[in-house]
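Keep the viewer open and look for each part as you read.

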Amino acid sequence: MRTGVRESADSGEALLRRMAARRRRDNIVVAVLAVLAVLGGGHAILSVFDSGPPAPSDDSTTAIVGHAQLAGSYAEQFVVAYLSAIAGQQDRIGEYVGSNQQITLPSSARQVSDPSVVYVSRALSAGGLEVWSVTVSVRVGKVGAATAPDQRQFYRVAVSVSDGRLRALSTPALVQAPSKGVDLKLAYGAPCAPDTPLGQVAAGFLSAMLAGNGDVARYITPDAGLAALKPPPFTAVELTSLTTDDSSCGSGGAKAQVLATVNPKADTGATATLAYPLTMIRNAGQWQVVSIDPIPALSSPLAVVVGQDSRGGAPPTSTSSSSPTVTIPPATQN
């Protein structure tokens, strides 16, 4: 009997000790929150439990794209209005840029045509304010000229976007046209004749798709999702060259990347040459087209062609060696 009373007393004392310890912890937490409230307000309290800034969402990405389109459209309108304005039309320009700009306009109007936004980048973002750099391409000539000039001009404009309102920061600046880029080495290293397995399938597929000569389904996998163009844009298609990463040209292997070049013919005669990057697989002994690829297959690692031929090999009728290349180093993070 004494033992039971002592055990009950001991358990009661332990419970009281745990409750006292819990009360001390609660008092410490309350004291810390009170200090944070005095020092930094409610934000300091909430930051204790904050897991960090939210990750970018689809809504924020959509908003950025929308702002870029707004800035680009506004800059395009501004450049056209500015270049076609004449002396005495400063008020017209004032719709786009502040009156503190020192602007001199020509006495005779210029013909501005074919505007196009060629580059947009966000240069600054602070709260609800964004500043975008926009490059606009136009053709500029004299009014009454018989033909528009062939050379295009490029103008850069800074545009601010704030709560859907737009404003140019300054008048446009004439800038240099984009310079010529580099040729990338393609992965197609082997030329193939039209009568090779890959050549026959590529020729048959493109002839059926572009000219309606034959059934496209004969040349594609069931899940390719490719169909003939209707109505057929051409009357005939001639395969002029085919290069591939399969050195056997389809005699062996199970998959091939192919670049097929064709010369189509229409009712009015010959048309411009077309090139189709294709992926093919061997299915039950028969080569079939899996897809028309969005870009040609590139060499791995990426390389820049120093010479003229960027296909990775010489044309079928050529005996020259491949052009030298310069390897592009892989991207690294800072």
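**Exercise 1. Find how strands S8 and S10 pair, and name two of the bridge partners.**

Step 1. In this predicted model, S8 pairs with strand S10, residues 274-283, in the antiparallel sense. Eight bridges connect S8 and S10.

Step 2. Now pick out single residues. Ala-256 has Met-280 in S10 as its bridge partner. Ala-260 is bridged to Tyr-276, again in S10.

**Exercise 2. Work out which other strands pair with S8, and over how many bridges.**

Step 1. Start with strand S7, which covers residues 236-244. S7 and S8 are antiparallel and share eight bridges. To see one of these positions, go to Thr-243, whose bridge partner in S8 is Leu-259.

Step 2. Next comes strand S9, made of residues 269-270. S9 pairs with S8 over two bridges, and this pairing is antiparallel too. Here Lys-265 has Ala-270 in S9 as its bridge partner.

**Exercise 3. Decide whether strand S8 is largely enclosed or largely open, and explain why.**

Step 1. Recall the cut-off: a residue is buried when its relative accessible area is under 20%.

Step 2. Apply the count to S8, residues 255-266. Nine of its 12 residues are buried, so the strand is largely enclosed by the rest of the structure.

**Exercise 4. Follow the chain from S10 into S11 and describe the hairpin.**

Step 1. Strand S11 spans residues 286-292, and six bridges join it to S10. The two strands run antiparallel.

Step 2. For an example of a bridge, take Thr-279: its partner in S11 is Ser-291.

Step 3. Finally, look at the turn. The hairpin of S10 and S11 has two residues between the strands, and in it Ala-284 takes a positive phi near 55 degrees.

**Exercise 5. Locate the disulfide, and say which parts of the chain it links.**

Step 1. Searching the whole structure turns up one disulfide. Its two ends are Cys-192 and Cys-249, with an S to S distance of 2.1 Å.

Step 2. Cys-192 sits in the loop between strand S6 (190-191) and helix H4 (197-211), while Cys-249 sits in the loop between S7 and S8. They are 57 residues apart, and the pair links distant parts of the chain.

Step 3. Check the handedness. The angle about the S-S bond is -90 degrees, and the link of Cys-192 and Cys-249 is left-handed.

Step 4. Are the two ends buried or exposed? Cys-192 has 4% relative accessibility, so it counts as buried. Cys-249 is at 9%, so it counts as buried.

**Exercise 6. Find the salt bridges, and show which residues are linked in a network.**

Step 1. The structure holds three salt bridges. Begin with Asp-114 and Arg-139, whose closest N and O atoms are 3.6 Å apart. Asp-114 lies in strand S1 (residues 110-126) and Arg-139 in strand S2 (residues 129-142), so this pair ties together parts that are 25 residues apart in sequence.

Step 2. Asp-114 also forms a salt bridge with Arg-152, at 2.7 Å from N to O. Arg-152 is in the loop between S2 and strand S3 (153-162), and Asp-114 is in strand S1, 38 residues apart.

Step 3. Asp-114 is partly exposed at 44%, Arg-139 is partly exposed at 22%, and Arg-152 is partly exposed at 22%.

Step 4. Move on to Glu-130 and Arg-122, whose side chains meet in a salt bridge of 3.1 Å, N to O. Glu-130 is buried, with a relative accessible area of 8%, whereas Arg-122 is partly exposed at 39%.

Technical notes:
Residues are numbered from 1 along each chain as its sequence is written. This is a predicted model: local features need pLDDT of at least 70, side-chain atom pairs count only at pLDDT 80 or more; totals for chains, interfaces and linings use all residues. Side-chain values use heavy atoms; hydrogens and water are left out. Buried means under 20% relative accessible area, exposed over 50%, partly exposed in between (1.4 Å probe, protein chains only). Helices (H or I, at least four residues) and strands (E, at least two) are DSSP runs, numbered from the N terminus. Two strands pair if DSSP finds at least two bridges between them. A disulfide is a pair of cysteine sulfur atoms within 2.5 Å. A salt bridge is a side-chain nitrogen of Lys or Arg within 4 Å of a carboxyl oxygen of Asp or Glu.
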